[in-house]
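Here is a quick tour for anyone opening this structure for the first time. Have a look at the picture, then read on.

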Amino acid sequence: MSLQPDVRAKRKVDWRETLFSFQSFFGLIAVFVAAIVFSPRRNGEILFLTSDNLFNVVRAVSEIGIIAIGMTFVILVGGIDLSVGAVLGLSAVGSAVLLVHDDLGVVPAVLIVLAVGLVFGLLQGMASALFGIQAFIVTLAGLQIARGLARIWSDGQGVAIAYGDGPNEAPVTFSLLGERTFGGVVPIPALIFAGLAVLAILFLRTSAFSRHLYAVGGNEKAARLSGVPVNRVKIIVFGISGLLAALAGIVHAGQLNQGSPNDGAGYELDAIAAVVIGGTALTGGRGSVVGTVTGALLLGVLNNILALNNIDANVQLLIKGLVIVAAAALQRLRPTS
Amino acid sequence: MNRLGKGTSDVKRSIAATACLMLAVTACGTTSQNSGKGPATPAKCEGPGGKYVIGMSQANVAEPYRQRMDDDIRSAAAKVPQFEVKFADAAQDNAKQVSDVENFLTQQINLLIISPNEATPLTAVVKKAYDKGIPVLVLDRKVDGDAYTSFIGADNRDIGRQAGKYVAEKLLPNGGKLVELKGLPGSTPAQERSEGFHETLGSKVQIVATGVGDWLREKGQQQLDAILKANAEVDVVYSHNDPMAEGAYLAAKAAGRESKIKFIGIDALPIPSGGVKAVEQGRISATFTYPTGGKEAIAAAKTLLVDCKQVEKKQTLPTQLITKENAERVYREANG
């Protein structure tokens, strides 16, 4: 009998916890509704809601979304990965050089680029986990190294991708990344983003690895004592982040028909913003890929509606900054368990 | 029959709905105006009675030259009552600029002006606009292929040639020692401004040093600091843009040699921090205008939309030599 109130209190906390874990989802709905209300109209048609426009939104956030998913894994263990934008640039350059200058097929080129991203991430993870250097420092260095490598690999210039069967032309299949499917409506990068999001969500829900992930992020010492292979978990999450940044780089090159060493500058910050808006705690141990995906879509819808209303570019930056602060502030209200 | 038809459309609808769910988009489109790629049909011209929305997609307004381009467009368009111009800034990001143009298409603009961040990445989306029948004016930097209405820009090689001729004929007719300060390596303007210059410079002038200043004032200063230490005699510094020439001037001043050296720049922006003022105030001896094309773009838009006439596929803007004699007048006229 005396247990009753306790149980009820606990249930109440759980309920609030659930509400907060869907924070970004409510945010997305709010922004979405605002976008409909403020959307410019033409002949009674709400321009924001046209299918062309909605798919533009998903296409525009697909690269940020892909690297934000990788970033979520890193942040869940209490780390951060500042190198993703530069790795994206490196991979875009790598794709272009391998396809155009080296005349490789799509499959080997993609596999090599993904491997480069994976190894780059794993090495950063090792430097961080084995030598005990903070992830911030390691990946800040990684950012410089990846940019440097991208400049060297491309001779400091954008490598344009021309399609065809001849020498110094990329196979036409690669150009699919810039195309749309289902009757020319759905952009391929949006599909890749969506597919990857589903995979990552399932992986986090079902795998044993994900329990280790949350354990390390929640309390590293306790996790270590209870036999979780902390170092291995840390190295793997950086590997995942590098791999996904490389994938985003491939998508980037395919969408823009070019790999340039300056590509992806600042994308790491957009990705972190998506993760934070998605309700993942920067201290680790709490958060989800679902949140990150909604966070990325929220940023995308926000960008889109500001652009459709021709809000001044400088004011746009201001509004986006305020939204990030608001999302972080809401997190402070979240019950700590 | 009817029922069957309805049944299949239900199936189709549920497939579409599933696809929507898969994409994690909370709502799907109300219309599907997903257009085929038709040939470029010129927009129906409504003449002076119409109202026209123009989208201007800028690569990076953080550069003074591009800010001036937007300003030129704004002030020229203010004189055409039928025009409303919307501006977007890609902040040097190709992907952002693609989205900017897509957003303009959603807003159903009547004409697109674009100054691309880079050629290849923007080509596809420019073609998309052009294929929809929207006239496209490309400013300063080109796109690949010819799926646009008109390109408006200056000729960097020609500006280089004129600078070379000016040095050879006016500044150093009896020969002398010259330093060249180059822009960002790999960028087309840096290449063309250098090649044109060497075509007309002649053999009497000796190039004693070449520095790379990446278009930046501070880099120009650093480079010339070192070059002046290594070379006791320098008569002319040819800089690929005005900010580097200003930096070079500061370096020479620090070495106490500014009165013995003549500085030549390019761009001649008629803004307070620009090259025209620097010439007027005597820091730079001469500069060559690199017009933004903003005014000309609005004139072309007027020809296309209001006068219902065609424009040339390529419009090359002439450069103008700015010296102490005309600097004050040019500045006044450009801002009048």
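In this predicted model, chain B has an open sheet of six strands, in the order β7-β6-β8-β9-β10-β12, and the pairing is mixed. The edges belong to β7 (205–212) and β12 of chain B; each has a single partner strand, so one side of each is left without a neighbour in the sheet.

Let's settle on β9 of chain B for a while. Strand β8 (residues 236–239) of chain B runs parallel to β9 (residues 262–267) of chain B, and three bridges join them. With β10(B), β9(B) also pairs in the parallel sense, this time over four bridges. Here are some of the residue partners across those pairings:

| Residue in one strand | Partner in the other strand |
|---|---|
| Val237(B) | Phe263(B), in β9(B) |
| Ile264(B) | Ala286(B), in β10(B) |

Is β9(B) mostly covered or mostly uncovered? Mostly covered: six of its six residues are buried. Lys262(B), Ile264(B) and Ile266(B) point one way from the strand, while Phe263(B), Gly265(B) and Asp267(B) point the other way, and all are buried.

How does the chain get from strand to strand? From β8(B) it crosses to β9(B) through helix α8 (residues 242–254) of chain B, and this β-α-β crossover is right-handed. Another right-handed β-α-β unit is made by β9(B), α9(B) and β10(B).

Other helices sit against the strands too. Helix α5 (residues 156–171) of chain B lies across β6 (176–182), β7, β8, β9, β10 (286–289) and β12 of chain B, and it runs at about 160 degrees to β9(B). Helix α7 (residues 217–230) of chain B packs on the sheet as well, touching β6, β7 and β8 of chain B, with its direction at about 135 degrees to that of β7(B).

Now for helix α11 (residues 327–334) of chain B. Its buried residues are Ala327(B), Val330(B) and Tyr331(B). Seen down the axis of α11(B), they fall within an arc of 100 degrees, so they line one face of the helix. Those buried residues pack against α9 (275–280) and β12 (321–322) of chain B. On the face turned away from the buried side, α11(B) carries the exposed residues Arg329(B), Arg332(B) and Glu333(B).

Time to zoom out. Chain B comes to eleven helices and twelve strands, and 48% of its 336 residues count as buried. Among contacts in chain B between residues at least 6 apart in sequence, 72% join residues at least 24 apart.

The largest nonpolar core has 187 residues, and those touching the most other members are Ile67(A), Ala271(A), Ile54(B), Leu112(B), Val167(B), Val237(B) and Ala248(B). Leaving aside neighbours within four places in sequence, the contacts of Ile67(A) include Val84(A), Leu88(A), Tyr267(A) and Ala271(A).

One last stop is Lys142(B), in the loop between β4 (136–139) and β5 (150–154) of chain B. With 17 other C-beta atoms within 10 Å, Lys142(B) is partly exposed. Not counting residues up to four places away in sequence, Lys142(B) touches Ala119(B) and Phe151(B). From Lys142(B) to Ser273(B) is 131 residues in sequence and 27 Å in space, C-alpha to C-alpha.

Key
Residues are numbered from 1 along each chain as its sequence is written. Chains are lettered from A and ligands numbered from 1 in the order in which they are written. This is a predicted model: local features need pLDDT of at least 70, side-chain atom pairs count only at pLDDT 80 or more; totals for chains, interfaces and linings use all residues. A residue is buried if 20 or more other C-beta atoms lie within 10 Å of its own, exposed if 12 or fewer, and partly exposed in between; C-beta atoms are placed from the backbone. Helices (H or I, at least four residues) and strands (E, at least two) are DSSP runs, numbered from the N terminus. The arc is that of the directions from the helix axis to the C-beta atoms. Two residues are in contact if their C-beta atoms, placed from the backbone, lie within 7 Å. A nonpolar core is a set of buried Ala, Val, Leu, Ile, Met, Phe, Trp, Tyr and Cys residues joined through C-beta atoms within 7 Å. Two strands pair if DSSP finds at least two bridges between them. Axes are lines fitted to C-alpha atoms, for helices over the stretch in contact, and angles run from 0 to 180 degrees between N-to-C directions. A crossover is right-handed if, with the strands pointing away from the viewer, the path from the first strand over the helix to the second runs clockwise.
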